[in-house]
Amino acid sequence: MMSDETGFPHVDGMPPYATCLRVLEECPLVVGVVDRQYGRPFDDWGPYSQHAGCAPTHAELRHALELGKRVLIYVHDDTWNFYEVWRKNPEAFKTAAPAGLSEATLKMFEELKLRSPAPWIEHFADASDVIRSLQAEFVNQLYTHLRDRERQTSDLASYLLEKVEEAAPAVREKIEADLTPALVSARDDLQQRLTMIEAELEKTRGASDEQLRALAAEKGALEARMGNVQAQVAQMRLMLAKAALKDVSWLDWVRRTMMPKQPGRIPFHNSAEVALRGYHALAGTQGKRPLLKEVTWSKLAYNEGGLHRGYRAGIILRGSDFVPGATVAHRRVGEGLPAGNKDYFWHLPNIYFGDYLELAASDDEIESPLSWRNYEYQVKNPEGLVSDWVTLSYPFDMDLLKRLQRENLERGEALLEGGKPAEAVEPLRKGYIFADRLFGVDDPETLRAKEIWHRGSDAAALSRLRFRVGDTLAVREGPHAGKEGIVDRLLLNHVHAYLIKPGAGEAFQASDQQVERLK
């Protein structure tokens, strides 16, 4: 319900409950509280199709654990205790289960308990138990988080220095020359003079002791100076690594928060190596606008080169002068700022290179690219300079899309008229979305399809409710347990769908699971 409120981040083409997963990806710590009710499962999770059939809480906890987040899970005593009853004898549980405890909640709890490695789980009797535990545990979690970040920063600095050492001689010399031209020149002169002295020593074998001593003394002095210069060059390399770390700290954040852990491996986008390239890109592009040339949709390998990408399709942005910290926004072609906002919603890409950005997308080969038809994208660097807007380009089969739009709308209308609203919702949704992307938001065909889809959604929501306006209900559980009243209004597509007006006092809301008809 809160994801529908003003100010909550929204992403076009994604339902609000799926957008919650995008917000969750930015959280360093996730706290999950599991009571009795499982919640409503959804099949449409936008780009997170792996969570189809899950209720929001289930998807959020599963997603957080898959991302390697720090997760604290609190399970109510009733749910914890009845889990053991259900696990040993599911049939006995059906007769002994307390009101409101869903079997789906127990299945979710079992999934969490059996994960490997097992997540942190604790049971609680009431909210005060959770608060006391958090007050103690939160400090530990924060300390561990900061300690890990310090260790990762140190590891990344070592990695960058190692890569400088391993680079081809020409590349390494170029890096060093750009950093310390005077030192490199001095080192080269010393090396040349040392080579000459060693050649003279070789030629003058048998010469006078005085001449040999003079050459040996000069060689020793040159070697000492060479040691000092080499030490200064090494110090400058360390400064390079530290400067690069500042530029790529966001890449380190993406690696740890948005990609599943791969023990012993670098993530798919190889953030440490990109960091080195990103540093040079930033050094050469400060004050320059990023150049966006092309945006398209493409299928992608879920695993590539033995490393884990985590999705099967994406929006691909190609151009140049993309620097560490670059973010992406999108809008309908020619559209202004989102209503009530002073800026667009800017997002970090899933994968970054200096001339390539990648955003995760659904892998439905028809609907996913169509969802972004007539959308345009813009890239912004950390200084605030932005690229031109570039429209998504993709070889759409317009005849096929128009036929699918028409067939889905006709099928949905037939199901709705046949008294099957729940089955009609999905084809009606496709009929509307296809029309919106094909003909435009204000086209008469789009408006007609939208009206039918809303009508179907309302009918489907109504079919899931047992009671109607005017029915007298008693609330059996929840915050209003013990109250009675008449259904004043139905709030379709809300969890607490009944607006109940009691004999005295203010009206309140309750869900279908919380009420019974008053006999």
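Colleague: How many aromatic pairs does the count come to?

Modeller: The model is predicted. Rings count as a pair if their centres lie within 6.5 Å. By this rule the aromatic pairs number 13.

Colleague: Of what kind is the pair formed by the rings of Tyr17 and Trp45?

Modeller: The two ring centres of Tyr17 and Trp45 are 4.9 Å apart, with the planes at 75 degrees. Planes over 60 degrees apart fall in one class, so the pair of Tyr17 and Trp45 is edge-to-face.

Colleague: Which parts of the chain does this pair tie together?

Modeller: Tyr17 and Trp45 are both buried. They are 28 residues apart in sequence, so the pair ties together helix 1, which holds Tyr17, and, with Trp45, the loop between strand 1 and helix 2.

Colleague: Is Trp80 buried or partly exposed?

Modeller: Trp80 in helix 3 pairs with Phe109 in helix 5, and Phe109 is buried at 1% relative accessibility. Buried requires a value under 20%. Trp80 has 22%, so Trp80 counts as partly exposed.

Colleague: Which residues does Glu367 contact, leaving aside neighbours within four places in sequence?

Modeller: Glu367 is found in helix 11, residues 367-371. Its relative accessible area is 11%, so Glu367 is buried. Beyond those neighbours, Glu367 is in contact with Arg429, Lys430, Ile433 and Phe434.

Colleague: Over which ring does the charged end of Arg331 sit?

Modeller: A charge over a ring must be within 6 Å of the ring centre. The charged end of Arg331 is 3.9 Å from the centre of the ring of Trp389.

Methods. Residues are numbered from 1 along each chain as its sequence is written. This is a predicted model: local features need pLDDT of at least 70, side-chain atom pairs count only at pLDDT 80 or more; totals for chains, interfaces and linings use all residues. Side-chain values use heavy atoms; hydrogens and water are left out. Helices (H or I, at least four residues) and strands (E, at least two) are DSSP runs, numbered from the N terminus. Buried means under 20% relative accessible area, exposed over 50%, partly exposed in between (1.4 Å probe, protein chains only). Contact means heavy atoms within 4.5 Å. Rings of Phe, Tyr and Trp (its six-membered ring) pair if their centres lie within 6.5 Å; planes under 30 degrees apart count as stacked, over 60 as edge-to-face and the rest as tilted. A charge sits over a ring if NZ of Lys or CZ of Arg is within 6 Å of the ring centre and within 35 degrees of the ring normal.
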